[in-house]
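Morning, everyone. Let me put the model up, and then I'll go through it.

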Amino acid sequence: MKDLAGKHIVLGLSGGIACYKAAELCRALVKAGATVQVVMTDAALQFITPVTMQALSGRPVFSSQWDPRKAAGADLGAGVGNNMAHINLTREADAIVVAPASADFMSKLLHGGADDLLSLMCLARPLDTVPLIVAPAMNREMWANPATQRNVAQLKADGIHVLDVGQGDQACGEVGDGRMLEADELLYDVTAFFAPKVMAGQHVVVTAGPTYEAIDPVRGITNLSSGKMGFAIARAAHEAGARVTLVAGPVSLPTPRGVQRVDVKSARNMQLALDMYMDDATVFVSAAAVADWRPASASDQKIKKDGSGHVPTLTFCENPDLLAGIAASERAQSGQLYCVGFAAESHNLLHHAQTKRARKGVPLLVGNIGPATFGQDHNALLLVDEEGVVEFPHADKLSLSRLLVADIARRRAIWTTASA
Ligand code: CTP
């Protein structure tokens, strides 16, 4: 299912060069399954035409409070207008997203100004059912100005969801904070806004990807884990309201928005990172495919062929079992830290997952078939706990991660109460 299926978004544009990004955002929202109704201020009309926004949203654009047309949602009979666009436009909306929100528009919102359709509509929205999300966009000096910062703080206090700004080159030639987030970032934030905040207040630490164990400075052993599942879990946990630390082995995936990422190479690096970030963690999801063994001694120079045909012999030693160590810690044993293990198997999944859960001492173990899922965007999961087994059938990794995170939140709450 698409992320925003069934959602109706009123997309408001106020004046700013970032209006071009609103066109991309509109397209992205529609692609994600939302229906989009665009409302533009006069200033926005200076930057982008309503024709563009109508073509992208598939609906006529509204820009004047004197527009007599019937707005979608007003059941007046065909062709009958009521001059009530400021009311009718929001009554079926799941959210109003103002992107870009100029400094002037935010100041107007703050004071309850209502001399154009967009601000009038924001003022007239039902507070309990239609949240307002704004994406600021302005020059860095305007953004840094105490007046703007005061307005942002007050808008937040009024319950308006003010998104972050981006940083970098600005249309005016200056560089700094204040540019509007990119369309993909806005889409992420709008999607995350709708996610139930079942992990609010939690600190979730996730490991992901393979580890790399050096043989010499140019060679090493690793495995086929792509990190996609762990990264999707980190994203889903962040969407669910958690603070998330993602300890990632060597993979080249983009960091999910809002997630703190710590890059590591070897299993021992991963252990050091976990030692640093685990202190106040409340959930640990060990999705990394940690190498079981490493070369007993890595050469600090490249091992050369000497021309004799002699093949070097590698000897291995065992890496620490990170998950088992953390699951045995005092915080995990006393109910403050809920640990979830993974099992990547090639066969006999249920049997191995059950055995591994007992061996690692974790309340929940998630089994999957490694060769079928490594590098893929899809997976199927088998959740094994003390009582039995639950199956999450084949789906994309993000959908599975959202289900898994919701399930972990539910289990953690029960488990914490039982362990207290
Ligand atoms: N794990 C770990 N440290 C290790 C090995 C594994 O923390 N040194 C964690 C993995 O992140 C995963 C779980 O333990 O959550 C199971 O990993 P897996 O590789 O499936 O199992 P192993 O313990 O390595 O056992 P085996 O290789 O025999 O299947």
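This is a predicted model: local features need pLDDT of at least 70, side-chain atom pairs count only at pLDDT 80 or more; totals for chains, interfaces and linings use all residues.

Numbering starts from 1 along each chain as its sequence is written, and side-chain values use heavy atoms, without hydrogens and water.

The sheet is open, with eight strands in the order 12-11-8-13-16-17-18-19 and mixed pairing. Strands are DSSP E runs of at least two residues, helices H or I runs of at least four, both numbered from the N terminus. Two strands pair if DSSP finds at least two bridges between them. Strand 12 (260-263) and strand 19 (389-396) are the edges. Strand 18 (residues 378-384) pairs with strand 19 in the antiparallel sense, over six bridges. Leucine 381 has phenylalanine 392 of strand 19 as its bridge partner.

Now the pockets. A pocket is an open set of points on a 1 Å grid over the protein atoms alone, where a 1.4 Å probe fits, with protein on both sides within 12 Å along at least five of seven lines; lining residues have an atom within 4 Å of a point. Volume is the space filled by probe spheres set on the points, which are joined across faces, edges and corners.

The largest pocket holds about 930 Å³. Its lining has 36 residues, with Ala288, Ala289, Val290, Asp292 and Ala344 nearest the centre.

Helix 16 gives the largest share, five residues.
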